[in-house]
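Student: I am new to this structure and would like to learn how to read its features. Could we go through them one at a time?

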Amino acid sequence: MDDRLYYVIFVLLLIAMAIVIPFFLKAEQPKPCKKSLVLKQTCSTIFLANALIAGLIGDFTRYAALMFVGLCFSWLGDYLLHVRPGSGFFIAGLSSFLVGHVFYTIAYCKAFKVLFPFVPLFTVAEIIIYIALIAAALLSAIFIVKIELGKLLVPCILYTATIAAMVVKAFSLAIMIMKSGSLVEAPIFTGIMLMLGAFLFMLSDYTLSILNFKQDVARSSQTGKHLDLLLCSDVSRCNDILYFNIIKKNSGLLLRFEELQSAFLFIKQNL
């Protein structure tokens with residue numbers, strides 16, 4: 001499949017999702033129903049279809065496989081969080097998204113290790129930022145926004161730690177890609193999209209925590225918040241898929257090259 005054809009398909013899928021979102025928001029009020037579930041999963045299925053189409057352009061490498069599995073768990077998380085509101089399904093949905101973030105993080109670490117084999121995978125600065133991000137998220141949620149977590153405190157802490165790891169690794173990889181200048185196509189654009197996707201995913205989850213745990217949020221004002229949540233989540237995963245497509249050729253070649261343990265020579269030959 002030609003790259004230009006893929007971008008045409010990508011735009012068409014975005015248009016389809018933009019059409020579905022308003023119908024989902026209307027169907028969800030005053031409460032989730034089968035129609036809203038179908039519409040929500042339609043958006044999530046678009047992500048999976050887009051990832052598969054992107055994979056058809058290049059080799060379906062380990063990086064691509066990890067990202068795709070992460071998207072599958074995100075699809076399942078969307079379903080579980082919407083199919084039947086309740087603590088049991090919420091925990092299951094939260095766990096599904098948590099596993100998805102684990103796969104995203106592993107994929108970013110894999111790409112980092114292959115693209116930058118001589119750079120430490122984790123640095124002191126990353127660890128400090130990671131701890132600070134977790135502390136800031138939890139403290140602001142509990143003491144500023146005043147979210148009531150109750151028995152879900154521990155699961156939410158684990159989830160926060162997981163998504164924080166994904167965000168830190170995404171930003172670290174993005175910065176290194178932008179600095180490298182030639183290891184991937186369009187390094188500046190790739191880095192920006194990667195950071196934006198990770199940030200919006202984190203923002204959408206923070207919004208979700210407010211909608212689920214803040215007791216004094218008026219139902220009449222939730223439509224706008226649901227829109228923010230859905231758009232953040234949709235844009236973040238579209239950015240992840242776009243990033244997936246941008247580096248598909250480079251990452252595919254490099255991941256196979258890692259198996260031959262001669263990454264530097266291969267990169268040099270393919271610049």
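Student: How do the residues of the lining of the second largest pocket divide into nonpolar, polar and charged?

Tutor: First the classes: Ala, Val, Leu, Ile, Met, Phe, Trp, Tyr, Cys and Pro count as nonpolar, Asp, Glu, Lys and Arg as charged, and the others, Gly among them, as polar. In this lining, 20 residues are nonpolar, three are polar and one is charged. Keep in mind that this is a predicted model, where local features need pLDDT of at least 70, side-chain atom pairs count only at pLDDT 80 or more, and totals for chains, interfaces and linings use all residues. Residues are numbered from 1 along each chain as its sequence is written, and side-chain values use heavy atoms, with hydrogens and water left out.

Student: How is burial read, and what share of the protein chain counts as buried?

Tutor: Buried means under 20% relative accessible area, exposed over 50%, and partly exposed in between, with a 1.4 Å probe and protein chains only. Of the 271 residues, 49% count as buried. Ser 36, in helix α2, is buried at a relative accessible area of 0%. Ala 49 is also placed in helix α2 (residues 34-57), but Ala 49 is partly exposed at 30%.

Student: What does Ser 36 touch, leaving out residues up to four places away in sequence?

Tutor: Contact means heavy atoms within 4.5 Å. Ser 36 touches Phe 24, Ala 27, Glu 28 and His 82. For Phe 89, a residue of helix α4, the list counted in this way is Leu 80, Leu 81, Val 83 and Arg 84. Over the protein chain, 76% of the contacts with a separation of 6 or more are between residues 24 or more positions apart.

Student: How many aromatic pairs does a search of the whole structure find?

Tutor: Rings of Phe, Tyr and Trp (its six-membered ring) pair if their centres lie within 6.5 Å; planes under 30 degrees apart count as stacked, over 60 as edge-to-face and the rest as tilted. The search finds five pairs. One of them, Trp 75 with Tyr 79, is stacked, at 6.4 Å centre to centre and 5 degrees between the planes. These two are four residues apart in helix α3 (residues 62-83), so about one helical turn separates them. Trp 75 is partly exposed at 27%, and Tyr 79 is partly exposed at 31%. Tyr 104 and Phe 201 form a tilted pair, 6.2 Å centre to centre with 55 degrees between the planes.

Student: Why does the pair of Tyr 104 and Phe 201 tie together parts that are apart in sequence?

Tutor: Tyr 104 lies in helix α4 (residues 87-115) and Phe 201 in helix α7 (residues 187-213), so their pair joins parts 97 residues apart in sequence. Tyr 104 is buried at 1% relative accessibility, and Phe 201 is buried at 1%. Phe 97, Tyr 104 and Phe 201 form one aromatic cluster.

Student: Where does the charged end of Lys 169 sit?

Tutor: A charge sits over a ring if NZ of Lys or CZ of Arg is within 6 Å of the ring centre and within 35 degrees of the ring normal. The charged end of Lys 169 sits over the ring of Phe 112, 4.3 Å from its centre. Lys 169 also lies over the face of Phe 122, at 5.0 Å from the ring centre.
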